[in-house]
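Subject: Structure handover

Hello,

Here is the structure we talked about. Please open it next to this note; what I found follows below.

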Amino acid sequence: MPSTEQAALDAFYMAHALELARKGWYSTHPNPRVGCVIVRDGAIVGEGWHVRAGEPHAEVHALRHAGDKARGATAYVTLEPCSHHGRTPPCADALIEAGITRVVAAMQDPNPEVGGRGLLRLMSAGVSVQNGVLQSAARAINKGFLKRMEHGLPYVRVKMAMSLDGRTAMASGESQWITGPEARSAVQRLRAQSSVVLTGADTVLADNARLTVRPDELGLNAELTALAITRPPLRVLIDGRLRVPLDAPFFKADRALVVTCAAASARERYHAEGHEMLALAGSGGHVDLRKLLIELAARGVNDVLVEAGPKLAGAFTRMGLVDEFQIFVASKFMGSSARPLLELPLAQMSEALELEIIEMRAVGRDWRVIAIPASTT
């Protein structure tokens with residue numbers, strides 16, 4: 001066990017490594033966000049973060065930065081160094097070859113191709129290893145990657161905007177704009193950090209929605225904006241009866257995946273326009289949402305952002321597929337004839353879905369409430 005002083009230093013340097021990992025918020029999919037700090041004689045001599053899949057991992061960037069000063073140093077890594085040959089060589093071997101004598105990891109890698117083997121390789125080479133420093137914070141920045149590895153499903157966020165009286169659109173369907181520019185910028189960042197932005201035919205038809213990331217509304221610095229726009233999320237449209245025409249604005253943007261119950265004979269029309277069609281018929285003429293999430297996870301999708309109307313958002317909620325709700329609340333009343341937040345018919349108070357609010361803060365003139373189903377706590 002490290003001394004109290006050493007434990008405090010470990011937490012300090014790991015916190016810095018976590019800050020570096022967060023720089024990959026918009027670009028690392030399907031890989032996890034990882035940061036690394038190399039410390040020798042009480043000073044940081046190298047640091048790095050994983051930028052995007054297929055490029056060097058955080059440890060390699062930090063070792064390059066440190067150079068010869070890595071020998072005899074301690075490496076702080078937010079995720080167990082990898083031990084397998086993927087698109088890049090094993091980071092555990094790189095740390096050993098550089099002469100690192102101690103490795104402090106925030107958490108073990110849940111990837112079954114690693115799963116503790118990286119730490120074992122380090123220990124076998126005589127490197128002192130400690131695991132679990134600031135583990136909760138490390139897990140929080142990779143919720144999607146962890147859920148995909150541990151449960152075979154992506155992390156699902158449902159984003160909704162409503163008035164103070166819980167309404168999302170007027171009876172006519174008019175909904176632009178419920179919230180202000182600051183809230184809309186926050187939504188753009190949510191899109192950019194997601195692997196997939198998912199919507200339904202009703203939303204696309206009603207709003208002429210494109211569901212793209214708009215760089216000028218991200219509110220990020222130039223470096224992060226550039227990373228975000230080079231890795232746009234895959235847009236997934238659930239259109240059970242193929243109601244959205246191929247000349248709709250939605251299909252004029254980036255490539256999309258259309259998920260339907262319709263016959264596969266329509267697939268070639270979408271392929272010809274650069275899109276993909278996936279048939280996943282469920283019960284009652286609806287798309288099987290759970291099978292869809294399993295399919296997306298198999299494709300390496302970590303985080304799904306659902307931006308949909310009350311029917312589809314309600315369907316995800318009723319099936320227990322939502323990990324997190326992000327609700328933007330505007331300081332206005334829209335009246336009793338306006339449309340509700342969710343299509344979630346309940347008859348008794350005992351049926352109410354209990355939520356735990358984990359964050360509530362002002363976003364311009366609006367408020368953002370982040371809540372998770374209480375059963376997941």
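Lys 143 is partly exposed, because its relative accessible area is 29%. Here buried means under 20% relative accessible area, exposed means over 50%, and partly exposed is in between (1.4 Å probe, protein chains only). Lys 143 forms a salt bridge with Glu 324, with the closest N and O atoms 3.6 Å apart. A salt bridge is a side-chain nitrogen of Lys or Arg within 4 Å of a carboxyl oxygen of Asp or Glu. This pair links distant parts of the chain: Lys 143 is in helix H6, Glu 324 is in strand S13 (residues 324-330), and 181 residues separate them. Glu 324 is buried, with a relative accessible area of 3%.

Two notes on the source. This is a predicted model, where local features need pLDDT of at least 70 and side-chain atom pairs count only at pLDDT 80 or more, while totals for chains, interfaces and linings use all residues. Residues are numbered from 1 along each chain as its sequence is written, and side-chain values use heavy atoms, with hydrogens and water left out.

Other salt bridges

The count comes to 19 salt bridges by this rule. Arg 255 forms one with Glu 276, the closest N and O atoms being 3.6 Å apart. That pair also links distant parts of the chain: Arg 255 is in the loop between strand S9 (234-238) and strand S10 (256-260), Glu 276 is in strand S11 (residues 276-279), and they are 21 residues apart. Arg 255 is partly exposed at 46% relative accessible area. Glu 276 is partly exposed at 21%. Back to Lys 143: salt bridges that share partners join Lys 143, Arg 157, Asp 303 and Glu 324 into one network.

Helices and strands are DSSP runs, numbered from the N terminus (helices: H or I, at least four residues; strands: E, at least two).

Helix H6

Which residues of helix H6 (residues 143-151) are buried? They are Gly 144, Phe 145, Leu 146, Lys 147 and Arg 148. Their cover includes helix H5 (135-140), strand S6 (155-163), helix H11 (289-298) and strand S12 (303-306). Contact means heavy atoms within 4.5 Å. After H6 comes Gly 152, with a positive phi near 70 degrees.

The open sheet

How many strands form the open sheet? There are 5, in the order S2-S1-S3-S4-S5, and the pairing is mixed. The edge strands are S2 and strand S5 (128-131), each of which pairs on one side only. From one strand to the next, the twist averages 15 degrees. Two strands pair if DSSP finds at least two bridges between them.

Strand S1 (residues 35-40) and strand S2 (residues 43-49) run antiparallel and are joined by 6 bridges. Cys 36 has Gly 48 in S2 as its bridge partner. S1 and S2 form a hairpin with 2 residues between them, and Asp 41 in the turn has a positive phi of about 55 degrees. Asp 41 is exposed, with a relative accessible area of 74%. Arg 40 forms a salt bridge with Asp 41, the closest N and O atoms being 3.8 Å apart. Arg 40 is partly exposed at 31% relative accessibility.

S1 also meets S3: 4 bridges join them, and they run antiparallel. Ile 38 stands opposite Ala 75 in S3. Thr 74 is in strand S3 too (residues 74-77). Is Thr 74 buried or exposed? Thr 74 counts as buried, at 14% relative accessibility. Not counting residues up to four places away in sequence, Thr 74 touches Val 37, Ile 38, Val 39, Arg 102 and Val 104.

Helix H2 (residues 58-66) lies across S1, S2 and S3, at about 140 degrees to S2. Helix H4 (residues 117-124) lies across strand S4 (102-105) and S5, at about 155 degrees to S5. Axes are lines fitted to C-alpha atoms, for helices over the stretch in contact, and angles run from 0 to 180 degrees between N-to-C directions.

Arg 267

Arg 267 is in helix H10 (residues 267-272). Arg 267 is partly exposed, with a relative accessible area of 27%. Arg 267 touches Met 277 and Ala 279, not counting residues up to four places away in sequence. The C-alpha atoms of Arg 267 and Ala 279 are separated by 9.0 Å.

Best regards
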